[in-house]
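Please read the following points with the sequence and the structure open beside you.

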Amino acid sequence: MIPGALRETVARDGERIVYVARDRLLAAMHWLKETPGQEFNYLVDVTAVEFRDRERPIEVVYFLRSLERRADIRIKVELPSTDELVVDSVWSLWHGADWLEREVYDMFGITFRGHPDLRRILMWETYAEGYPLRKSFPLRGRFSRAEQVRQALNANPEAHYSLEELSIAEAGGDLPEDMRDRLRRGERGVIPEPPPS
Amino acid sequence: MTKRTVELELATPGVDAQGRAARMPLKARAAEETAEPDLGAEHLLVNLGPQHPATHGVLRLVVELDGETVVRCIPHVGYLHSGFEKLGEYRHYNQIIPLTDRTDYLSPMSNNVGLALAAEKLMGIAITPRCTVLRVIACEMSRIISHMVWLGTTSIDLGAFTPFLWAFQQRERIYDLQEMWTGARLTTSLTRVGGLMADIPDRFVDKLREFTGDFPKTLDEIDRVLTRNAVWAGRTQGVGTLSAAEAITHSLSGPMLRASGVPYDVRKDKPYLGYETYDFDVVVGEHGDVYDRYLVRLEECYQSNRILQQALDRLPDGPINVDDPRVILPSKTRAMSDMEAMIFHFKQVMEGVKAPVGEAYVGIENPKGELGNYLVSDGTAKPVRWRIRPPSFINLSALPRMAEGHLLSDLIAINASVDIVMGEVDR
């Protein structure tokens with residue numbers, strides 16, 4: 001029995017889906033990975049699903065596979081959209097979760113507690129329009145085209161160095177003054193509050 | 001044709017007297033590296049890309065160097081981010097297919113098949129036998145062109161120009177076939193939910209047979225030029241090594257996973273399109289270095305060629321589309337003359353094909369690794385969520401782990417060995 005399992009269904013492709021309580025996720029994943037007879041040692045994918053029905057909770061979906069048994073399973077965690085979007089990171093179990101969780105964070109704004117380096121991956125670090133794959137995010141972006149162009153033209157060309165890289169350069173002692181300022185301020189994108197709908 | 005043998009006094013490191021590429025013991029190599037004197041703590045931050053031919057697209061690597069040794073490698077992706085997954089939520093299932101062309105644009109037909117299979121799984125559609133075999137042909141043609149691009153560009157990265165020309169010549173022949181079949185070389189949009197955009201034209205089978213006959217010769221030539229080449233072996237062996245356990249924990253797939261000695265191939269282990277009925281071998285490496293990835297991809301081309309030949313032998317006659325007017329558009333003449341057909345045509349074009357509530361994930365063995373298409377439907381004609389599991393994105397995430405501790409020039413070899421295509425990494 002998977003620890004923290006709430007209910008089970010079967011997907012249309014015949015795969016088992018198990019919903020797990022949010023606070024038992026790591027226990028469940030650890031059990032699935034280490035228990036003999038389960039041995040789901042391979043993380044296929046991590047993603048999230050937000051439904052058009054805003055009342056429905058956002059789901060974080062984990063695709064697991066046992067390479068020995070050639071078996072798959074899908075684990076889901078539900079995050080009520082009224083609640084804080086936080087879930088434990090599974091990076092300690094599968095390092096492949098690193099970029100996958102960063103992408104979910106980048107696209108959905110779900111925070112993975114315990115992730116070693118949670119920052120945006122597909123959008124740039126100072127991107128301030130929000131989380132593109134959320135249903136509240138308009139297809140053409142939150143800012144107007146004029147505003148996007150204005151921001152792009154005014155962008156500091158050095159701003160595409162991440163804070164981590166700036167700190168490496170600062171340790172080397174050859175960082176220009178404006179970049180050192182940026183490092184000191186810890187400048188990142190400011191995510192606007194979603195508009196009241 | 002007589003086999004040409006080259007007698008050389010090979011005093012080059014990495015090759016033994018018989019001309020076999022001898023493996024350099026990894027331990028000795030590691031000792032060599034640590035024996036280098038430490039020249040102080042002055043590290044250098046180098047920005048590589050996004051416009052750099054050796055990064056295979058708009059990949060940007062920020063590399064912290066100690067002398068020439070990579071201390072830290074921080075990849076930046078997203079320069080080609082197009083929001084395909086978001087766009088997919090605003091499109092009918094058949095309208096998503098052109099988007100898949102543009103993800104992994106080195107194997108467009110294979111991506112088309114992946115999405116169609118996922119949509120069919122979601123809707124519970126069983127495709128016709130002829131369509132199944134034609135899709136296998138499309139997938140294996142894609143594998144060959146993708147591996148040919150990989151071989152060509154990687155050999156250029158490491159200083160061998162000739163294999164590039166040979167590989168691209170063969171790729172051109174497949175592109176001609178793709179053009180014959182779909183009318184496009186790159187944006188093929190081959191599949192439709194429940195079938196294909198078009199049947200293969202006359203002479204396609206003959207031309208493909210001709211290709212499968214000649215193609216192994218080119219592979220043999222590339223094999224002869226590279227596999228025992230001292231420079232090639234020296235630059236690739238023991239570089240970017242990943243053990244099986246590391247490959248698994250980093251979720252690698254495809255040739256990257258198999259080169260590390262994990263025999264997982266979706267075609268064998270979770271078969272789709274009847275791959276279990278074809279006779280082919282899963283190619284598995286041993287050392288998990290750049291050299292083994294090369295060997296795995298080269299051998300996979302031979303195997304794809306075998307599958308193509310078998311598929312051509314068994315290609316059945318019959319329709320390419322399922323007989324279901326709710327899914328497949330009626331022919332133009334019927335839509336213009338038959339009332340019922342016109343209604344179906346109108347409903348499909350205006351409303352799209354509705355999928356039942358539920359979700360489906362289909363992983364297929366793309367040239368780069370496991371391409372997953374995950375579709376979630378709420379009962380309308382547009383998916384709630386379309387997720388691509390991008391193999392080269394996930395394979396690339398292991399790059400820092402592979403590159404750190406190697407030389408900067410090895411970083412180029414390692415990055416090439418991942419076989420990334422930025423259209424798919426960034427989507």
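1. In chain A, strand β1 and strand β2 (residues 16–20) run antiparallel and are joined by five bridges; two strands are said to pair if DSSP finds at least two bridges between them. Strands (E, at least two residues) and helices (H or I, at least four) are DSSP runs, numbered from the N terminus. The model is a predicted one, in which local features need pLDDT of at least 70 and side-chain atom pairs count only at pLDDT 80 or more, while totals for chains, interfaces and linings use all residues. Residues are numbered from 1 along each chain as its sequence is written, and chains are lettered from A and ligands numbered from 1 in the order in which they are written.

2. Five residues lie between the two strands, and Gly14(A) has a positive phi near 85 degrees. Strand β1 (residues 5–10) of chain A is hardly covered, since zero of its six residues count as buried; a residue is buried if 20 or more other C-beta atoms, placed from the backbone, lie within 10 Å of its own, exposed if 12 or fewer, and partly exposed in between.

3. Which side do the two chains share? Here 38 residues of chain B are in contact with 33 residues of chain A, where contact requires C-beta atoms, placed from the backbone, within 7 Å. On the side of chain B that touches chain A, the largest share, five residues, comes from strand β6 (residues 358–366) of chain B.

4. Chain B contains 18 helices and eight strands. Its radius of gyration, taken over C-alpha atoms, is 23 Å, close to the 22 Å that the globule rule (2.2 Å times the number of residues to the power 0.38) gives for 427 residues, so chain B is as compact as a globular protein of that length. Of these 427 residues, 51% count as buried.

5. Most residues other than glycine have a negative phi. Arg70(A), however, has a positive phi near 55 degrees, and lies in the loop between β4 (58–66) and β5 (71–79) of chain A. Asp419(B) likewise has a positive phi, of about 60 degrees, and is found in the loop between α17 (408–418) and α18 (422–426) of chain B.

6. Is each of these two residues buried or exposed? Arg70(A) counts as exposed because it has 11 C-beta neighbours inside 10 Å, whereas Asp419(B), with 27 such neighbours, counts as buried.

Notes. Contact = placed C-beta atoms within 7 Å.
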